[in-house]
Amino acid sequence: MTNNTTPSTDTTIFQLGGDLPVRRVGYGTMRLADGPGDPTGPEARIWTAPADRAAAVDLLRTAAEAGVTLFDTADAYALGAGEELLAEALHPYGDGVAVATKVGVVRPSPTEWVPLGHPAYLRQQAELGLRRLRTERIDLLYLHRLDENVPVAEQVGALKRLQEEGKVRHIGLSEVTVEQLTEAEATAPIAAVQNLYNLATRDHEPVVEHTAGRGIAFVPFFPVAMGGHAGPDGPVARVAREVGATPSQTALAWLLHRAPHILPIPGTSSAAHLVENLGALDVALTEEQFARLAREVS
Ligand SMILES: NC(=O)c1ccc[n+]([C@@H]2O[C@H](COP(=O)([O-])OP(=O)(O)OC[C@H]3O[C@@H](n4cnc5c(N)ncnc54)[C@H](OP(=O)(O)O)[C@@H]3O)[C@@H](O)[C@H]2O)c1
């Protein structure tokens, strides 16, 4: 977990929280998991560790070797197995590797994701995250969901106390509105917001606008629409051919072009797709292509 604070003019790098440089295409580890049913769609269970653990560990190591610096997981992914997998693959974390995890969603069964924001529970889950990740400080800890039954100040306050104790470097929020973000900021500085956002789903445009230029990273989840934008006949394929890139790279390049504080975290079970996705950092769209994609893919 890095301590490099050198300012960078490299547009492929974002300074998370102002002091933690990460490459702007990260890796989302959520689907390195198993469970009954379809593993790819929105109803995927994400319940147990992946059956082929060695392949998952290899993939994470390939990601780090290929230059991924921001790894995204959560305590809720396979009941902590996602965090354990990251430690197995990457501990001791080299300089330049930043791990983001999340607390605040409880999994009573494979089909349920229930917000639970009691401050004592958030603390417990952060402590478990530290153990599973085998680290003394979590680089970025998100509140996975706000719990409407607990005051925002108490939930964010729990994360702030962990930050004051040196157990958390930066605090993030997930699936929040501008109003919720503003309320949370009254309690603690927020370094990142992770919301559902991609070419086809832009409901969180106000949050993109609000976080822009304020040093807050916007981390879009489902950046390639769960694979929907990666296919050869998908909605971005024509522009992809024009720019000489793959559809997945083009969908990610659209997000990177949208604003310099956007850090997509595509998921994949394939080393080839992972390396391909990092190539989005080298894809340049014209303003016309950017606008056409926004118009045609919605
Ligand atoms: N905060 C939240 O509430 C929340 C919710 C959901 C997800 N997330 C985070 O967001 C991350 C990304 O989400 P996601 O993985 O569900 O969706 P995604 O990144 O939009 O799409 C992943 C899917 O796209 C396919 N894909 C990726 N790159 C490809 C390529 N180059 N060519 C062809 N297919 C490609 C993958 O299949 P292959 O395996 O075949 O490559 C996989 O099925 C998660 O891992 C998680 O960390 C957060």
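## A loop at Gly18

Gly18 sits in the loop that links strand S1 (13-16) to strand S2 (20-23). The model is a predicted one. Gly18 is exposed, because 12 other C-beta atoms lie within 10 Å and a residue with 12 or fewer counts as exposed.

Which residue lies 173 places from Gly18 in sequence, yet 8.1 Å from Gly18 in space? That residue is Ala191, with the distance taken from C-alpha to C-alpha.

## Helix H2 and its cover

Is helix H2 (residues 81-90) largely enclosed or largely open? Seven of its 10 residues are buried, so H2 is largely enclosed by the rest of the structure. The buried residues of H2 are Ala81, Gly82, Glu83, Leu85, Leu86, Ala89 and Leu90. Their cover includes helix H1 (53-66), strand S4 (70-72), strand S5 (98-103) and H3.

The packing of H1 on H2 can be described in detail. The two helices pack at an angle of about 60 degrees, and their axes are 9 Å apart. The crossing of H1 past H2 is right-handed. On the H1 side, the contact is made by Ala56, Val57, Leu60, Arg61 and Ala64. On the H2 side, Leu85, Leu86, Glu88, Ala89 and Leu90 take part. This contact of H1 with H2 has eight nonpolar and two charged residues, with no polar ones.

An α-helix has 3.6 residues a turn, so residues three or four places apart point the same way.

## Helices H3 and H4

Helix H3 (residues 119-133) packs against helix H4 (residues 152-164) at an angle of about 35 degrees, with 9 Å between their axes. H3 passes H4 in a crossing that is right-handed. The residues of H3 in this contact are Pro119, Leu122, Arg123 and Ala126. They meet Glu154, Gln155, Gly157, Ala158, Leu159 and Leu162 of H4. Sorted by class, the contact of H3 with H4 holds six nonpolar, two polar and two charged residues.

Arg123 belongs to helix H3. Is Arg123 buried or partly exposed? Arg123 is partly exposed, because 17 other C-beta atoms lie within 10 Å, and a residue needs 20 or more to be buried. Leaving out residues up to four places away in sequence, Arg123 touches Ala158 and Leu162. Arg123 and Leu162 are 39 residues apart in sequence, but their C-alpha atoms are 7.5 Å apart in space.

## The nonpolar core

How many residues does the largest nonpolar core have? This core has 83 residues. Those with the most contacts inside it are Leu16, Ala98, Leu140, Leu141, Leu159, Val193 and Ala217. Helix H8 (residues 247-258) supplies six residues, the largest share of this core.

Leu159 takes part in the contact of H4 with H3 and is also among the core residues with the most contacts. Apart from neighbours within four places in sequence, Leu159 is in contact with Leu122, Leu141, Leu143, Val168, Ile171 and Ala188.

## Backbone exceptions

Most residues other than glycine have a negative phi, and most peptide bonds are trans. Some places in this model depart from that pattern. The peptide bond joining His91 and Pro92 is cis, with omega at about 0 degrees. Pro92 is found in the loop between H2 and S5.

Arg134 is not a glycine, yet its phi is positive, at about 55 degrees. Arg134 lies in the loop between H3 and strand S8 (138-143). It counts as partly exposed because it has 15 C-beta neighbours inside 10 Å. Met226 also has a positive phi, near 55 degrees, and is a residue other than glycine. The loop that holds Met226 runs between strand S11 (217-221) and helix H7 (237-243). With 16 other C-beta atoms within 10 Å, Met226 is partly exposed.

## Around the ligand

How many residues surround the ligand? There are 27, and the closest are Gly28, Met30, Gly227, Gly267 and Thr268. Which helix gives the most to this shell? Helix H9 (residues 271-278) does, with three residues.

By class, the shell around the ligand is made up of 10 nonpolar, 13 polar and four charged residues.

Notes: Residues are numbered from 1 along each chain as its sequence is written. This is a predicted model: local features need pLDDT of at least 70, side-chain atom pairs count only at pLDDT 80 or more; totals for chains, interfaces and linings use all residues. Axes are lines fitted to C-alpha atoms, for helices over the stretch in contact, and angles run from 0 to 180 degrees between N-to-C directions. Helices (H or I, at least four residues) and strands (E, at least two) are DSSP runs, numbered from the N terminus. A crossing is left-handed if the near helix is turned anticlockwise from the far one by less than a right angle, and right-handed if clockwise. Two residues are in contact if their C-beta atoms, placed from the backbone, lie within 7 Å. Ala, Val, Leu, Ile, Met, Phe, Trp, Tyr, Cys and Pro count as nonpolar, Asp, Glu, Lys and Arg as charged, and the others, Gly among them, as polar. A nonpolar core is a set of buried Ala, Val, Leu, Ile, Met, Phe, Trp, Tyr and Cys residues joined through C-beta atoms within 7 Å. A residue is near a molecule or strand if its C-beta atom, placed from the backbone, lies within 6 Å of it.
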